[in-house]
Amino acid sequence: MNGDTDARLAASFRLLAQSASSIAPRSDLLFTAMLLLCGAVAVGVCITLLWFCIRYRQGSAAVRGTVERKLGIELAWTLLPLLLFIALFTWAAFDFVRLYRVPPDALPVYVIAKQWMWKLQHRNGRREINELHVPLGQPVRLVMTSQDAIHSFFVPAFRLKQDVVPGRYTGLWFQATELGEFPLLCAEFCGSEHSAMLGRIVVMPPADYARWLDAGNAQPGPAQQGFARFRQLGCSGCHAAGSTVHAPALEGLPGRLVHLQDGRTVVADDNYIRDSILLPHKDVVAGFAPVMPSFAGQVSEEDLQALLAWLHSTKGPP
Ligand code: HEC
Ligand SMILES: [Cu+2]
């Protein structure tokens, strides 16, 4: 072996995958802490076990009579691990919540998984398959759904994994911290070609990304497509201002609190809006008659994401 191969071997041997997102070092730290704590407990139990085996072996002279109670020791070995593991849980919960609290300026990317590929669309309408270009150092928000089976969006270098489920939206956000290409995998067995459902994330300098995004894109953005669908599907016949049907105005709806007929109050998130279109009788808005027909079977996943993108781009009355 020459020195070159040695160096390459050394570089290819890492305990953890390359770390390329803002969440990755946090996830690695948590993982290491968990490993050390669990390892310490396991080693402690093994040492005590061995010590007891030797001390109380057959024929040893150790005293085996009644054991004297030591309350201090019992409390310590019960409470200390309890507190340590609760602390670990709190830490993990804190990081977990961060993953789902999306910064408001995050760039939206619309993801549709299907057997067996990833379809992605950017804010300006540019589409990609099995490849996602993102800018370095900017938060990116994923709005994901599946057209068929359950898939899972997995980017090891970003320490990111999220199920992509038919019939609802799941989301995540990330911020890339390294330039380069990183593997994208499906981490949920989704059929015979599951293992071929591979892609890559390409992290570019923001200026290159902006140029890439504009290059060769003749399509309208999802928000514009959404507005067009809103007219074509006849939503505007009821929901537009000045319509004769009494229906709520939809501008600025995402994130708003909605009072429902049955007394519940819900936040109009992506899943609420999706259900309002496909299952209109599930959540009827207070003060309105349940006259909206279901659009299940008439709108595709692309249409739904476009309608959502349009709603997110609108501003309602303050
Ligand atoms: C026949 C009239 C009619 C049509 C057509 C219609 N809607 Fe509605 N929509 C309503 C009414 C009335 C409500 C309020 C009662 C309810 O929640 O069902 C409503 C509620 C909603 C809500 C929940 C609003 C809120 O404030 O929480 C959304 C979102 C929505 N519609 C979207 C759409 C979209 C998108 C389309 C087109 C694909 C559409 N609607 C077509 C009448 C209509
Ligand atoms: Cu899959």
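Predicted model: local features only at pLDDT ≥ 70, side-chain atom pairs only at ≥ 80, totals over all residues.

Analyst: Residues are numbered from 1 along each chain as its sequence is written, chains are lettered from A and ligands numbered from 1 in the order in which they are written, and side-chain values use heavy atoms, with hydrogens and water left out.

User: What makes the arrangement around the copper ion (ligand 2) tetrahedral?

Analyst: Four donors count as tetrahedral if all angles lie between 85 and 135 degrees. The four donor atoms here subtend angles of 90 to 128°, so the arrangement is tetrahedral.

User: Which atoms coordinate the copper ion (ligand 2)?

Analyst: Donors are N, O and S atoms within 2.8 Å of the metal (3.2 Å for Na, K and Ca); water is not among the atoms, so sites may look incomplete. His151 (ND1), Cys186 (SG), Cys190 (SG) and Met197 (SD) coordinate the copper ion at 2.1 to 2.6 Å. Their spacing along the chain is H-x34-C-x3-C-x6-M.

User: Why is the site of the iron atom of ligand 1 called octahedral?

Analyst: Six donors count as octahedral if opposite donors are over 155 degrees apart and all others between 65 and 115. The angles among the six donor atoms of the iron atom run from 88 to 179°, and the site is octahedral. Its protein donors are His239 (NE2) and Met292 (SD), which lie 2.0 to 2.1 Å from the iron atom.

User: Are His239 and Met292 buried, exposed or partly exposed, and how do you know?

Analyst: Buried means under 20% relative accessible area, exposed over 50%, and partly exposed in between (1.4 Å probe, protein chains only). His239 has 14%, so His239 is buried. Met292 has 26% and therefore counts as partly exposed.

User: Why do strand 3 and strand 8 stand at the edges of the sheet?

Analyst: Strands are DSSP runs (E, at least two residues), numbered from the N terminus, and two strands pair if DSSP finds at least two bridges between them. The open sheet has five strands in the order 3-2-1-5-8, with mixed pairing. Strand 3 (127-129) and strand 8 (170-175) each have a single partner strand, so one side of each lacks a neighbour in the sheet. Strand 2 (residues 117-121) is joined to strand 3 by three bridges, and the two run antiparallel.

Key
Helix = DSSP H or I, 4+ residues; strand = E, 2+ residues; numbered from the N terminus.
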